[in-house]
Amino acid sequence: MTKIMFRILIVLTTGLSAISIQAAPVIQHWQTDNGARVYFVPAPELPMVDIRIVFDAASARDGDKPGVAAMTAGLLEEGAGKLNADQIADRFDSIGADFGTASLRDMSLVSLRSLTDARYLQPALETMTLILTQPSFPQNAFDRERKRALIGLQAKKQSPEAIADEAFFNALYGDHPYAHDPSGTEQSLKKLTRNDLIKHHKRYYVGSNAIITITGAVDRAQAEKIAQQLIGKLPTGEPAPALPPVKMGAQAVRVTKNFPSTQTHLLVGQAAITRDDPDYFPLYVGNHILGGSGLVSRLSDEIREKRGLSYNTYSYFSPMREAGPFQMGLQTRTDQATQALELLQQTLQTFMNDGPTAEELREAKQNITGGFALRLDSNKKIIENIAAIGFYNQPLDYLDTFNAKIEAVTAEQIKDAFKRRIHPDKMLTVIVGAQANADAAAP
């Protein structure tokens, strides 16, 4: 099968794997001899398999070398064993396989999509295994990637959105590993060496620090062989140590960044919840009403629809291993920034005081549970969900009980959770725009 034919198959059949799923997929789980945890969901509808291997090896593990995790993940496919980047790319391309890597704040991942016919799957697995176990991190590729990363950092300086995001995480997390941009800093990147990547890979890309997720047209025995082939040759190693707890802010903080534009970016938030937080579902449903449901949210209604102060305003929780952020944000005209910021804060406070209405709660539940099937309507989405379940140590029936837990949330639980967990008087506010606006918005 040619690459083009494989692409056509994907386009024509995307989503079909979930058509026969009337309930959440049943997750099978086991552990390899070298400590990797495996999560497997059979999906026989399409002749393909998706594999995602997640390592606790992302920017939270950078230590005093910000950017090393992202560079390590990004250079995995630039050389392995005796193969160079072109040869690796040709191997995957010739069999219609998709391979990719990524690195975030909590997790680094390696993924593969392949047809299950042994003529295509076996060489895909062999190449992926080589990449995982024998990356060469060529010096020329390292130099090129570091230069690209430095150019990327310069480009971010021209983006008020990127400036606001960086300022938000830096101020919110201080000396915590979540504080720095996963892509690193200009100073740290200039000091990085190829040997730093080799050390990072040796320490964190090990069996006991890995989670393998597999879904597709393979059975349990085949899935066990796949997991063993991909991870079996990695040393057992040691799992990454626990991250330090996040220190919650004791008082409100305001950060202003001058940027010559007619639009001002506003971010307001705090460190909030971990992925296993017992308040997760009340906060999730409550935020859907507050600012997580797009144009029908409270924030959008008050700020966009009624007053036209911003085209897009939002709020979200981003739970992580340690307390991830709660954030509200908007972009508005410079001369309206003070009014928009006050309304953003006021809308949050009103929601916390009064809680959601019965109608808002009913509609939110219908929207969330009604859209649940879309979260699992392709193998790609299934594997994303089970990878998160594995990485954050969620119960195997998490997807199966998700809708019931949403339905069980009450207005009083939402009000109570927000009052206990969200502190408007201690929030971080980041303002990026013209200096005149920063002055006007100052307390």
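Select helix α13 (residues 358-370) and helix α15 (residues 398-408): they pack at an angle of about 175°, axes 10 Å apart. (Helices are DSSP runs of H or I, at least four residues, and strands are runs of E, at least two, numbered from the N terminus; axes are lines fitted to C-alpha atoms, for helices over the stretch in contact, with angles from 0 to 180 degrees between N-to-C directions.) So α13 and α15 are roughly antiparallel, a label for angles over 145 degrees.

This is a predicted model, where local features need pLDDT of at least 70, side-chain atom pairs need 80 or more, and totals for chains, interfaces and linings use all residues. Numbering starts from 1 along each chain as its sequence is written, and side-chain values use heavy atoms, without hydrogens and water.

Now show side chains: K365, I368 and T369 in α13 meet F402, N403, I406 and E407 in α15, with contact meaning heavy atoms within 4.5 Å.

Next, go to the largest pocket, about 510 Å³. (A pocket is an open set of points on a 1 Å grid over the protein atoms alone, where a 1.4 Å probe fits, with protein on both sides within 12 Å along at least five of seven lines; lining residues have an atom within 4 Å of a point. Volume is the space filled by probe spheres set on the points, which are joined across faces, edges and corners.) Of its 20 lining residues, pick M107, R275, P319, A388 and Y392, the closest to its centre. Helix α14 (379-391) and α15 each give two or more residues to this lining.

Last stop: the second largest pocket, about 390 Å³. Select A171, L172, K247, M248 and G249, nearest its centre among 21 lining residues.

Note on methods. Angles under 35 degrees count as roughly parallel, over 145 as roughly antiparallel, 65 to 115 as roughly perpendicular and the rest as oblique.
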